[in-house]
Amino acid sequence: PVIAASAGSSMAPGNGVLIADLEPMRNWCRANGISAALNLDAQRSGKDMLDELFTLGNSAPVYSGGSVKVIPYDEVSAAGHGAVYVAPTAAGPIADLTDEDFASDGKTPPVKFIRKRRADCDNVVAIEFVDRSMDYAHNVVSECDQASVALYGPRKGGTLSTAELGANIPSGAKALLSISNAPVAQAIASLLVKRSAAGLNEYAFGVKAEWGHLEAMDLVTIS
């Protein structure tokens with residue numbers, strides 16, 4: 001199957017799930033000079049291709065009712081290359097959650113805080129890509145988070161599994177053969193390493209029924 005990052009909606013192959021408007025991800029890619037071609041030179045699953053697409057587009061898939069929304073991570077609006085990208089958080093948080101909003105049994109804290117070990121946060125990421133300037137031979141670029149390397153030394157994990165792409169904190173090295181030039185590969189590597197090095201704190205909580213409309217990737221504050 002071929003899935004294009006274009007405006008409008010598309011149907012994911014085989015499962016009948018509607019992928020909602022891809023225009024926000026497309027605008028982010030164009031405004032930031034990101035271009036790639038999801039080539040198919042071997043058998044791949046639709047999920048594998050979508051995982052790579054969401055990684056290249058710096059976006060997350062969010063299941064919402066009978067459709068999947070595609071929401072970029074970038075919180076900085078941008079304009080360029082004939083496109084205007086408006087960050088999904090440009091209007092600020094949609095909710096300010098306090099103790100009165102959390103669902104709790106009164107025995108345990110309403111908000112669970114988890115801080116990952118620095119040893120689990122990679123600050124060096126390498127991307128293998130097909131370099132058009134080298135007659136489409138494979139090339140590799142690497143990116144590091146200088147502040148994190150200075151404080152904790154270089155940390156680089158193993159190869160990403162496709163299950164981690166586009167959804168979880170990235171780490172290690174990955175072949176993204178849909179990229180054909182070094183500047184794009186460098187930009188994607190920079191995004192991945194920053195998300196990995198900065199992804200330390202995680203918060204888990206339940207909310208009361210009146211907040212049931214909240215979805216993944218919604219921006220909220222907790223206090």
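Biologist: Which residues of the largest nonpolar core touch the most other members?
Modeller: Met25, Ile127, Ile179 and Ile188 do, out of 26 residues in that core. Such a core is a set of buried Ala, Val, Leu, Ile, Met, Phe, Trp, Tyr and Cys residues joined through side-chain atoms within 4.5 Å. Buried denotes under 20% relative accessible area, exposed over 50%, and partly exposed in between (1.4 Å probe, protein chains only). This is a predicted model, in which local features need pLDDT of at least 70 and side-chain atom pairs count only at pLDDT 80 or more, while totals for chains, interfaces and linings use all residues. Residues are numbered from 1 along each chain as its sequence is written, and side-chain values use heavy atoms, leaving out hydrogens and water.
Biologist: How many aromatic pairs are there in the whole structure?
Modeller: The search finds two. Rings of Phe, Tyr and Trp (its six-membered ring) pair if their centres lie within 6.5 Å; planes under 30 degrees apart are stacked, over 60 edge-to-face, and the rest tilted. Phe102 and Phe205 are edge-to-face, at 5.3 Å centre to centre and 65 degrees between the planes.
Biologist: Are those two buried or exposed?
Modeller: Phe102 is buried at 3% relative accessibility, whereas Phe205 is partly exposed at 33%.
Biologist: And why is the pair of Phe113 and Tyr203 tilted?
Modeller: Because its planes stand at 45 degrees, with the ring centres 5.2 Å apart. Phe113 is partly exposed at 45%, as is Tyr203 at 48%.
Biologist: Changing topic, what sits over the ring of Tyr73?
Modeller: The charged end of Arg195, 4.2 Å from the ring centre. The criterion is NZ of Lys or CZ of Arg within 6 Å of the ring centre and within 35 degrees of the ring normal.
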